[in-house]
Amino acid sequence: MTTKILLVAGARPNFMKVAPLLRECERRKGIRAILVHTGQHYDDGLSDVFFRDLAIRPPDYELKVGSGSHAEQTAEIMRRFEPVCTAEKPDIVVVVGDVNSTMAASLVAVKLGIPVAHVEAGLRSFDRTMPEEINRIVTDAIASWHFTTEPSANENLLREGIPDSQIHFVGNVMIDTLMACRDQAERSPILDVLQLRNGSHEAIPYGVVTLHRPSNVDIPGQLLRLMEVLQQIATELPLIFPVHPRTAATLQRLGWHAKPVGLQLVNPLGYLDFLKLTVHARLMITDSGGIQEETTILQVPCLTVRGTTERPITVQCGWNRLVGTNPDTLVTACHEELAKGARRGQQPPLWDGKASQRILDVLTGEKSAERVSTMDSEP
Ligand code: UD1
């Protein structure tokens, strides 16, 4: 009997999580995979380039919901996703991460009686002003399978009353993609394009910046202060800043332009270019969730411009540091980090490129993934 698995992707950080799951579904006999793209992200730079870079086949359904307020976007995804579920009658709906598409698709599926598997379940920042935190809590409350990336997630789910039997510690699908793409990313010309090599063709020391959290970029005064501080840091360490559309909109309102020293603002980069840029970076400055994980695996020091993280393992492993949202603290933290020489940190357990296999093993009932025994292992 064929198991029909419907995978949902909507926004940039979803695509690298869905890619290895889709590949694993299609590699196995007895599974029919259906891919739905909600269209929460629709620009070439936030969506299409990821399909090309990660060789994801075209979606079976494109819902083309586009942008809107949270209520509008969530409602539109639900309205357009319901007929797909009704027509396809999948056995399982798989959602990833914490974006509006994750929560919207989960609500639709569960109300139609279709069980939901949440990949990257249990992460908690304990900051309910983050839209992603609400998406995580709601999705986890109604999912039937909770696939976790780190021990803290198991603890959070158990505390919220999710039965242990529904929690599977499997590792990190985003790292599956990172490992699969490293060699290919090395062939990206991005260092030459951004003039980050010296006369001997070696990478010069540089940092990478990404900022797109509403708390950092929607308030013009906060973003302005951060930009001033980045400009200051860039006099010591050249910084490359691929600018998210949300951030670009505020910068445009502010009429802000980088001074022509050190700080390069560029359009959002594709997966392979960004991976290569990160691999060779001296430092990452970010408020992203996923980049905290990628830098941990790549052993690149990461300064996270947030007061909380839902991914504490990255801090425990020694590669991530929460510097808060005060721009002055960021300058000090940068100086401290640059003063440090080469150092060693640890790697999270099970971030080994095999998370998708473990997830499909559980979903097809082949075996139960690593459980509490693995949770106990120190990073
Ligand atoms: C969304 C996710 C966030 C994720 C981020 C990655 C939610 C609540 N947030 O935030 O968790 O880290 O994606 O990028 O789901 N826009 C474009 N082109 C696009 C998409 C959006 O220009 O393809 C612009 C629109 O003007 C939109 C703004 O970017 O208003 C923000 O997009 P939106 O999807 O609302 O949230 P993100 O900030 O991207």
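1. Residues are numbered from 1 along each chain as its sequence is written, and side-chain values use heavy atoms, with hydrogens and water left out. Because the model is predicted, local features need pLDDT of at least 70 and side-chain atom pairs count only at pLDDT 80 or more, while totals for chains, interfaces and linings use all residues.

2. Around the ligand there are 20 residues, of which Gln40, His41, Tyr42, Glu132 and Arg246 come nearest; a residue is near if one of its heavy atoms lies within 4 Å of the molecule. By class, this shell has 6 nonpolar, 9 polar and 5 charged residues, where Asp, Glu, Lys and Arg count as charged and Gly is among the polar ones.

3. The protein buries 84% of the 750 Å² that the ligand exposes when taken alone, with areas from the Shrake-Rupley method and a 1.4 Å probe.

4. Helices α1 (12-27), α3 (70-88), α5 (131-142) and α11 (245-254) each supply at least two residues of the shell, and α5 gives the most, with 3 residues; helices are DSSP runs (H or I) of at least four residues.

5. Domain 1 (3-172 + 350-375) and domain 2 (186-339) each contribute at least three residues to the shell, their bounds coming from an automatic or database domain assignment.
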